[in-house]
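Subject: Structure handover and findings

Dear colleague,

Please find below the structure that I am handing over to you.

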Amino acid sequence: LSSDTAGQPSLGVPFLGFAGDWNAEQIILPPGEQLEPVGVETGLITYAGDQAVPVDSEELGEFWLSPNGDGYMDSVAANLVVMRNASDVRYEILAEDGSAITTLGEEQGLFRYLLSDYTAAPDPAQLPWIGYAFDGTRYDPQTLEYPALPDGRYTYRVSARLSEDQPWQDLDLAFGLDATAPVVEFGPLEGGLLTFTVTEEGSGLYDLPVATDAAGNELEVVE
């Protein structure tokens, strides 16, 4: 503002502007990328007892959702590394072909942690935002019940937006569901050895089966 009055100063008002696509940067860190230098990443998690474990990792392999109430892999949830604050976030389950199955829910006020928050935390992995859990069922309004979904591959979709006037950003996380027990067939007992065959057509076997004798002592199992 230039002053035309003698003895009165001109004024300069600083302001911050933005040029470009405001929605171009990702709200959530994409899967497979790590936030350096703290090493946290986005992905699905499940629970083995009271221990949270990644659904898919190089160290442990892939765990399939197995909702049978035993406390192991009964549900999956999104573990999100938030890079930008967002007004809304929505959680959905899709079939393998991309068709919508159920909406788990929505939240408002998604916020990001500062890098200094991560570096100051005793365990940075505890800071990411945890989305709604999925237990392998969906609500049926006709029966008022929650029937289980069939075994197969599914997608956990996270949709977030900066504000109502901005488009949604979708993030898809794949997982498998296997609630069918493997089939075990026993052969004859010969020379103190019992042969048995385990058929698992869904998630596969994570490790060799465990066998015990009548006293509870663990027996050696070889493939």
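The notes below cover the sheets, a hairpin, one loop and the aromatic residues.

This is a predicted model, in which local features need pLDDT of at least 70 and side-chain atom pairs count only at pLDDT 80 or more, while totals for chains, interfaces and linings use all residues. Residues are numbered from 1 along each chain as its sequence is written, and side-chain values use heavy atoms, with hydrogens and water left out.

Sheets

Helices (H or I, at least four residues) and strands (E, at least two) are DSSP runs, numbered from the N terminus. Two strands are taken as paired if DSSP finds at least two bridges between them.

Four strands in the order 9-8-11-12 make up an open sheet with antiparallel pairing. Strand 9 (100-110) and strand 12 (169-177) are at the edges and have a single partner strand each, so one side of each is left without a neighbour in the sheet. From one strand to the next, the twist averages 20 degrees; the axes behind this value are lines fitted to C-alpha atoms (for helices, over the stretch in contact), and angles run from 0 to 180 degrees between N-to-C directions.

Strand 11 (residues 152-161) pairs with strand 12 in the antiparallel sense over nine bridges. Within this pairing, Ala160 stands opposite Gln169, and Tyr156 stands opposite Leu173. Strand 11 is also joined to strand 8 (residues 86-95) by eight bridges, again antiparallel, with Arg90 opposite Ser159.

For accessibility, buried means under 20% relative accessible area, exposed means over 50%, and partly exposed lies in between (1.4 Å probe, protein chains only). Eight of the 10 residues of strand 11 are buried, so this strand is largely enclosed by the rest of the structure.

A further open sheet has four strands in the order 4-3-7-10, with antiparallel pairing. Its edge strands are strand 4 (51-54) and strand 10, each of which pairs on one side only. Strand 10 (129-130) is joined to strand 7 (residues 77-80) by two bridges, and the two run antiparallel. Asn79 has Ile130 in strand 10 as its bridge partner.

Strand 13 (residues 183-190) and strand 14 (residues 193-199) run antiparallel and are joined by six bridges. Leu189 has Leu194 in strand 14 as its bridge partner. Two residues lie between the strands of this hairpin, where Gly191 takes a positive phi near 60 degrees. Of the eight residues of strand 13, the number buried is zero, so strand 13 lies largely in the open.

The loop around Thr137

Thr137 is placed in the loop between strand 10 and strand 11. Its side chain and that of Asp135 are joined by a polar contact of 2.7 Å. A polar contact is a pair of N or O atoms within 3.5 Å; within protein, one must be able to donate a hydrogen and the other to accept it, and residues adjacent in sequence count only if both atoms are side-chain atoms. Not counting residues up to four places away in sequence, Thr137 touches Tyr146, Pro147, Ala148 and Leu149, where contact means heavy atoms within 4.5 Å.

Ala181 is found in the loop between strand 12 and strand 13 and is exposed, with a relative accessible area of 59%. Ala181 and Thr137 are 44 residues apart in sequence and 17 Å apart in space, C-alpha to C-alpha.

Aromatic residues

Rings of Phe, Tyr and Trp (its six-membered ring) pair if their centres lie within 6.5 Å; planes under 30 degrees apart count as stacked, over 60 as edge-to-face and the rest as tilted. By this rule the count comes to 10 aromatic pairs. One of them joins Tyr139 and Tyr146, whose ring centres are 5.2 Å apart and whose planes are at 50 degrees, so the pair is tilted. Tyr139 is partly exposed at 40% relative accessible area, whereas Tyr146 is exposed at 56%.

The rings of Phe186 and Phe196 have their centres 5.9 Å apart and their planes at 45 degrees, so this pair is tilted. Phe186 lies in strand 13 and Phe196 in strand 14, so the pair ties together parts that are 10 residues apart in sequence. Phe186 counts as exposed at 58% relative accessibility, and Phe196 is partly exposed at 27%. Ring pairs also link Phe111, Tyr113, Tyr118 and Trp129 into a cluster.

Kind regards
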